Amino acid sequence: MRTAYALVRHEARLLASLALWIARRTHGTAGGRGFGYARGQGAVMAGFAFVCVIETLTMSVLLRDWPSVHRVVLVLDVYTVVLIVALHAASVVRPHVLEADAVRVRNGVRLDLRIPLERIASVRRETRSTHDGADTSALNIAVGSQTTVTLDLTGPVTHVGLLGRRREVTTVRLHADEADHLVGALKGALTRARTAPVPLPDPPG
């Protein structure tokens, strides 16, 4: 039941993201600066959607003599196309977000990891197309099989997967369309956080 609930919630959030995309709105960016990552997958997702549309038309021809079966298959095919578009929409409306005291690393509706700035030891521009899946301490959030920014952490943060699996990670690799801008903004935020004066305690009495 827990798995079924997680999957239903995932699809509901995808459809909500599609509505946001149509309305030209974003999610979770109020009070922060968004950095997109969906550009690298746009062509691939469009290709998937096109293939599904062709399949829908083909099945309509093949099943024209079985109207009941055709209606069922048509509904499933159309819903598949909607979900593919919603997957891309979720990546567009849910960008990475740099907040005053943290960075939210996101991947559509599947991942939303908030990393406090105080937990980031270093950030660098690093393009990688291969990732070691056996390294459980690293979270690789690739787009188009590529990551462009690497965050080394001072301590572990907890990543919760789609089905609730938890693991501690100390390195986060992600993709950003404007990787240099994200790295520059993060470095500036880290510098400000580390040089901010510490407030003095109130005098007793």
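## A charged cluster, a sheet and a helix

Asp 101 is partly exposed, with a relative accessible area of 46%. Keep in mind that the whole model is predicted.

So who does Asp 101 pair up with in a salt bridge? The partner is Arg 114, and their closest N and O atoms sit 2.9 Å apart. The two come from distant parts of the chain: Asp 101 belongs to the loop between β2 and β3, while Arg 114, 13 residues away, is in strand β4. Arg 114 also meets the side chain of Glu 99 in a salt bridge, at 3.2 Å from N to O. Here too the link spans distant parts of the chain, with Glu 99 in the loop between β2 and β3 and Arg 114 in strand β4, 15 residues apart.

Another pair is Arg 106 with Asp 112, where the closest N and O atoms are 3.5 Å apart. Is Arg 106 buried or exposed? Arg 106 has 1% relative accessibility, so it counts as buried, whereas Asp 112 is partly exposed at 36%. Shared partners tie these salt bridges into one network made of Glu 99, Asp 101, Arg 104, Arg 106, Asp 112 and Arg 114. The model has ten salt bridges in total.

Now for the sheet. Four strands form an open sheet in the order β1-β2-β3-β4, paired antiparallel. The edges are β1 (33-35) and β4 (111-116); each has a single partner strand, so one side of each lacks a neighbour in the sheet. On average, neighbouring strands are turned by 20° against each other, ignoring direction. Strand β3 (residues 102-107) runs antiparallel to β4 and is joined to β4 by six bridges. One example is Ala 102, whose bridge partner in β4 is Pro 116.

Helix α4 (residues 179-195) packs on this sheet, where it touches β1, β2 (96-98) and β3, and its direction makes about 145° with that of β1. The buried residues of α4 are Ala 179, Leu 182, Val 183, Ala 185, Leu 186, Ala 189 and Leu 190. Looking down the helix axis, these fall within an arc of 165°, so they line one face of α4. That buried set packs against β1, β2 and β3, and also against β5 (120-128), β7 (147-160) and β8 (166-174). Turned away from the buried side, the other face carries the exposed residues Asp 180, Arg 192 and Thr 195.

Arg 24 has a phi of about 60° and is found in the loop between α1 (2-22) and β1. Ser 145 has a phi of about 65° and lies in the loop between β6 (138-141) and β7.

Here are accessibility values for some residues mentioned above:

| Residue | Relative accessible area | Class |
|---|---|---|
| Arg 106 | 1% | buried |
| Asp 112 | 36% | partly exposed |
| Arg 114 | 41% | partly exposed |
| Asp 101 | 46% | partly exposed |
| Ser 145 | 53% | exposed |
| Arg 24 | 79% | exposed |

Methods
Residues numbered from 1 in each chain as written. Predicted model: local features only at pLDDT ≥ 70, side-chain atom pairs only at ≥ 80, totals over all residues. Heavy atoms only, no water. Pairing = 2+ DSSP bridges. Axes fitted to C-alpha atoms, helices over the stretch in contact; angles between N-to-C directions. Contact = heavy atoms within 4.5 Å. Salt bridge = Lys/Arg side-chain N within 4 Å of Asp/Glu carboxyl O. Buried < 20%, exposed > 50% of the residue type's maximum accessible area, 1.4 Å probe, protein only. Arc of directions from axis to C-beta.
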